[in-house]
Amino acid sequence: MEESSGNMRSSEPTAAMKKVREKTAKKRSKEEEEEEEEQIFNFKDKPAGKEEEDEDLSDSEESVFSGLEDSGSDSEEDEKESDDNDDDDDDDVTAVESKQPKQTEEEEEKEEVVGGVTEREEEEKKEDEYEHDSSDEEDIRNTVGNIPMEWYKDFPHIGYNLDGKKIFKPIRNKDELDDFLDKMENPDYWRTVHDKQTGSDIVLSDEQVELVNRLQKGQFGDVNFNEYQPSVEFFSSDVMIHPVTNRPADKRSFIPSLIEKEKVSKLVHAIKMGWIKPRRVEDDTRGRFYDLWAGEDSSILGRHKMHLPAPKIPLPGHQESYNPPPEYLFTEEELALWEQQDASDRKLPFVPVKFSSLRQVPAFSRFIHERFERCLDLYLCPRQRKMRVNVNPEDLIPKLPKPKDLQPFPTTQSLVYRGHSGLVRSISVSPSGQWLASGSDDGSVRFWEVCSSRCMKTVQVGGAVKSVAWNPNPSVCLLAVALESVVLILSPSLADRQVVQSSERLLSGQPEADTSDAAGPVIWSDTEGEELNQGIRLKIQHPKAVHQVAWHAKGDYLASVMPDHSSHLQVLIHQLSRRRSQNPFRKNKGLVQCVSFHPVRPYFFVATQRSVRIYNLVKQEMTKKLQANSKWISSMAVHPGGDHVICGSYDCRLSWFDLDLSTKPYKMLRHHKKAVRGAAYHRSYPLFASASDDGSVIVCHGTVYNDLMQNPLIVPVKVLRGHVITHDLGVLDVTFHPTQPWVFSSGADATIRLFT
Amino acid sequence: MGGLQKKKYERGSVTNYITRNKARKKLRLSLPDFRRLCILKGIYPHEPKHKKKVNKGSTAPRTFYLIKDIRFLLHEPIVGKFRDYKVFVRKLKKAYGKTEWSAVERLRENKPTYKLDHIIKERYPSFIDALRDIDDALCMCFLFSTFARTGKCHVQTIQLCRRLTVEWMNYVVAARALRKVFISIKGIYYQAEVMGQLITWLVPYQFSHDHPTDVDYRVMATFTELYTTLLGFINFRLYHSLNLLYPPKKLSALSASLARMVSSAEEEEAQLDQFPVEGEDMEKLEAREREQKEQEAQKKLFDGLKFFLNREVPRESLAFVIRCFGGEVSWDKSVCIGSTYEVTEETITHHIVDRPNASTQYINRYYIQPQWVYDCINAKIVLPVEDYFLGVTLPPHLSPFVEEKEGDYMPPEKVKIMALQRGEKPEQEDEEEEDEDEDEEEEEDDNDDEEEDEEEDEEESEEKNLKKMEKQRSQGKSLQVKVTPGKMKVENPERLEQEEKAEEKRLAIMMMKKKEKYLYDKIMFGKKRKIREANKLTAKRKAHDDAEKANKKKTRK
């Protein structure tokens, strides 16, 4: 046995050592409690005394030490020896020592075999040790045991010796100072320990100090102890001749187990029933890649038509660079703005930063966020197909004939007629085209020679002139002027004698006696004196303020407008030759803005705020009502052909009506920026003009075709500017020259301008 | 009289849509499972054209799915796997509760798994479809491959992502497919052209992530699951297209050449057959040819150059980029495995350093900053190295993805690079002379300005005179009769013509229809805003340059 174990030791020294250590550890734990008292005893045996704390600590240390002592200590000693002794001695010592471990091993083996720990043997061994112990010579042993020593603090003694006699406390009156002096002077102070049990100071010997040091380092107390002793592999792979134990085999080792049988049958049943499935074969194909698109067959159809692939992430611009050009960096204001803005309003989701080298670029803190947001967008964001308009803006502009090809039309401002001191509300050109009459808020009517811009005549009428209208009949020379509630008929005598005479003849017609009742409130009167000298020939007194006068093409009839919401008396038609007036309407159909006669047929146009009504004067009925769709109509002009009407309105629009086509506007022209104040057709050229508060006159080409299938062609040809806007009013009236492609405009800046 | 009353919301667009909750109930899935299914199958909500109609008259915010999509999900085998998994978890819990460890073990061995192959095939019936949709997959995989093992996702996932991305990069190197690189503050953007598809991906910088708390990693993990599968199959196909074995071995250092196995015969590109075409297409063809030539030249950009990376530069990015364009690259042995030669190698032409100065300098090589490599790639030429030496203020790094159209702002650096691309040599940089020239120019400019000012003044004074006269006339005062020598007014016919045209256009715009006018105004507004922004940038740049110049002068004095 011994030999075999020795062999094994040599073969597997480390394993053996491990085992030993394990065993000793086990033993330690078992024995600790039992041995404690003894150990204390042991310690007391030793001449050394320790401080209280040390003592407490040392309990466990000691136990470790004592517990391990039995399992030899050759290697440890070897070290010591090699350190201390010469090489010659070495051999002898090891030879001597080598006996010891064998002994101990035998003991251990016994312990293992028996199973229990034989404490007796242990104690024996210890006692053996104590025999050699020579430390109890100056032994003053206290027999009180392991009790707190303060129990004796009121007594003169501190315990009893082996003979049962009192051990008296040493007479000591060491105070702090003494202690300190001692510390300074005594060279052995550091190795002096106070023993509370005997109350004496003990100076530790060199060996004892050595022991304390070793224990503090966590080494074994015994210098000779070998921690890494090879152990004996007891149960090994080698087949031994003899059985390990002598015990006969149990019967149960020959009989199959019933419990196992039951278990197996249960499992078999479970497998049969399919409750337990056979272990799954590890699926190798998972995570293995192959040519997925090997046969690109069309059997799997693509997604349905509604599939919208997610848009790609926009590519980064210069501002995202780690070293962007300086112009892309934020200035302070931009940075402040960026910080103020809500995250969704920001143009850039980050602040551009410049780093002088790649080394300094830090991690982007929102990287994971951005990826996560992208993920959310991919599976959570509703998608919708949006048609993006991709047109060239030039293609949107309609192709119109060039204005150049549509000449003649007025292009430049050629003359300015200055003289009035108030707004010029109304202008009118004589049928011959030689004279221009204008009425102004300064209470005067002026007559201008068109070509020279000379003011030929000024008539003070004593009130703001609302409207002037030249008689369209070329054989007479008369002007109707509306101011306050009066309509004046002026004969400016700016024509041939023949013409002047014929107009005199027209004015000298006698009133019919019975008509005075029908006209009622209207009073016709001749003028006298100063007024007659000025050229005012007739006064037609109205009951209300007159806003507009309009002549019939023949020049005998005259219509006047007195806007009034509440009355049916808004429009009056006067016959000059018979000095007769009549009210054509019995009902009030809205506030009348302006009126006009049809140039050839017996029709009468009345523009109220929202619509234009056309009355047949012969049949005495309404033939048409034009819906202007605008608020409110300000002016109206009738095409010389009579089939088209334009209406200017205060909501900046000019609507063109084609009477043959519809009652709705054929075209809405939103050319002006402000309210349209006036509109006019040219008598012979296909031109019309509109005047507006934005200070401009827009001349448009408007060809009308005889063919009913062809719509009129409307092309704006010129924007004429020149009037200065005063008091938010721009151009107030516009009118064309009867024969030339010239246009006159009067404005709030008290001027009249001619554009040719 | 006739039939049943028609009920509302039973026909029309309502029948095409289904709300999310209804869809979930129809599929009998929990919300997380439904979400997972939608992610894997690529199902997303649709915004109906008339939301109120589809929402049965209500205006409550709801997400709608196409009913066809949901029906399509009904037959998905993976739904069954989800249910299996649910059962598995339940059983496992029970076994744990009963402390039946053998049962736990058995269950664990039989853990249900699923494969996504058929979903990939279904979502991308052809390989090109898959390539087109790979941008997000790459971004995600590159992000995941930089994650530390913090428990935010499975370690296997991270490793798989890393493997796949390295394989992808190696493919790009082997195919020389990289086109553009951009160092942004977010990370590094790469753009490669693979089989005619432009693929862009973003790689974060190599730092540990500060994991945000408001991010649902389960969603990201599901996406990654799909993307890794997709990327694996794509890699397989791509490797096989180059006659390479997949999966390749030992790639992580990006130093070994995959393409060693690729026969060089492939490199000799087959001459394109030219088909005779009519005049208009000829130009296009020529342009295409030129482009192709340029591309070929770009592929060989770094041929014959030998780089050495200092330890502080981003190794992986630079190694990848340099090798994509045919350069040789190495690094210090202690930085990473796979270095092929030492610092002391004589034949090194470029040493990339990102420090203010290098401690030991070898004579026969350039010490440059890393930006040079990226700028060269974007410019498609080897740029002069002077601007990129150590300690030099680098020129701005421009985005290669911006393509300036007519009227867009173009930074001066871009203009310079374009000049270099055309082969124009930069002017001799003798700074003093230049400055003097500039000064002279400035003076000249000043003179010009003054002259112009004078002219303007004259005009103004004339106008003033006229106005004065008019005023006097209008006030009816007698004019100061004075004859001054008249001046010939020179009429510029070109200008007149231009004015006429402008007027014509203005008038035509007035005649536009309301709808078209609105659109036109919108477009014009956008254009004007663009111009405004460009002007702003120009002004900012000018101010900056002026300040720089002033500084320079000051320091010289």
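## Elements and model

Helices, of at least four residues in DSSP class H or I, and strands, of at least two residues in class E, are DSSP runs numbered from the N terminus. In chain A, one loop described in these terms is that between α13 and β5 (413–418), where A:Pro408 is found. The structure discussed here is a predicted model.

## Local backbone features

In chain B, a cis peptide bond joins B:Tyr246 and B:Pro247, with omega at about -5°. B:Pro247 is placed in the loop between α11 (217–241) and α12 (279–299) of chain B.

A further backbone feature concerns A:Glu484. This residue is not a glycine, yet its phi is positive, at about 45°. The loop that holds A:Glu484 runs between β11 (479–483) and β12 (486–490) of chain A.

## The interface between chains A and B

The contact between the two chains involves 93 residues of chain A and 120 residues of chain B. About 9,200 Å² of area is buried between chain A and chain B, and carbon and sulfur atoms give 63% of it. Within the area that chain A buries against chain B, A:Phe289, A:Trp293 and A:Tyr379 supply 10%, more than any other three residues.

Polar contacts link 37 residue pairs between chain A and chain B, counted where both residues have pLDDT 80 or more. On the side of chain A that touches chain B, the elements giving two or more residues are α12 (367–380), α13 (393–396), β26 (667–669) and β30 (713–721) of chain A. Among these, α12(A) gives the most, with 11 residues. Sorted by class, this side of chain A has 52 nonpolar, 15 polar and 26 charged residues.

## Salt bridges

Side chains of opposite charge can pair when their charged atoms come close. Over all chains, a search of the whole structure finds 46 salt bridges. The count between chain A and chain B is 13.

One of the salt bridges is formed by A:Glu334 with B:Lys540, whose closest N and O atoms are 2.9 Å apart. B:Lys186 and A:Glu370 form another salt bridge, with 3.2 Å between the closest N and O atoms. Because B:Lys186 lies in the loop between β3 (178–183) and β4 (187–194) of chain B, while A:Glu370 belongs to helix α12 of chain A, this pair joins two chains.

The largest cavity holds about 100 Å³. Its lining consists of 14 residues, and those nearest the centre of the cavity are A:Gln570, A:Phe585, A:Lys587, A:Lys589 and A:Val592. Two elements of chain A, β20 (603–608) and β21 (611–616), each give two or more residues to the lining of this largest cavity. By class, the lining comprises 5 nonpolar, 6 polar and 3 charged residues.

Notes:
Residues numbered from 1 in each chain as written. Chains lettered and ligands numbered in written order. Predicted model: local features only at pLDDT ≥ 70, side-chain atom pairs only at ≥ 80, totals over all residues. Heavy atoms only, no water. 1 Å grid on protein atoms, 1.4 Å probe; cavity = no way out; pocket = protein on both sides within 12 Å on 5 of 7 lines; lining within 4 Å. Points joined across faces, edges and corners; volume = space filled by probe spheres on them. Nonpolar A, V, L, I, M, F, W, Y, C, P; charged D, E, K, R; others polar. Contact = heavy atoms within 4.5 Å. Buried area = accessible area lost by both parts, 1.4 Å probe. Salt bridge = Lys/Arg side-chain N within 4 Å of Asp/Glu carboxyl O. Polar contact = N/O pair within 3.5 Å; in protein donor to acceptor, adjacent residues only side chain to side chain.
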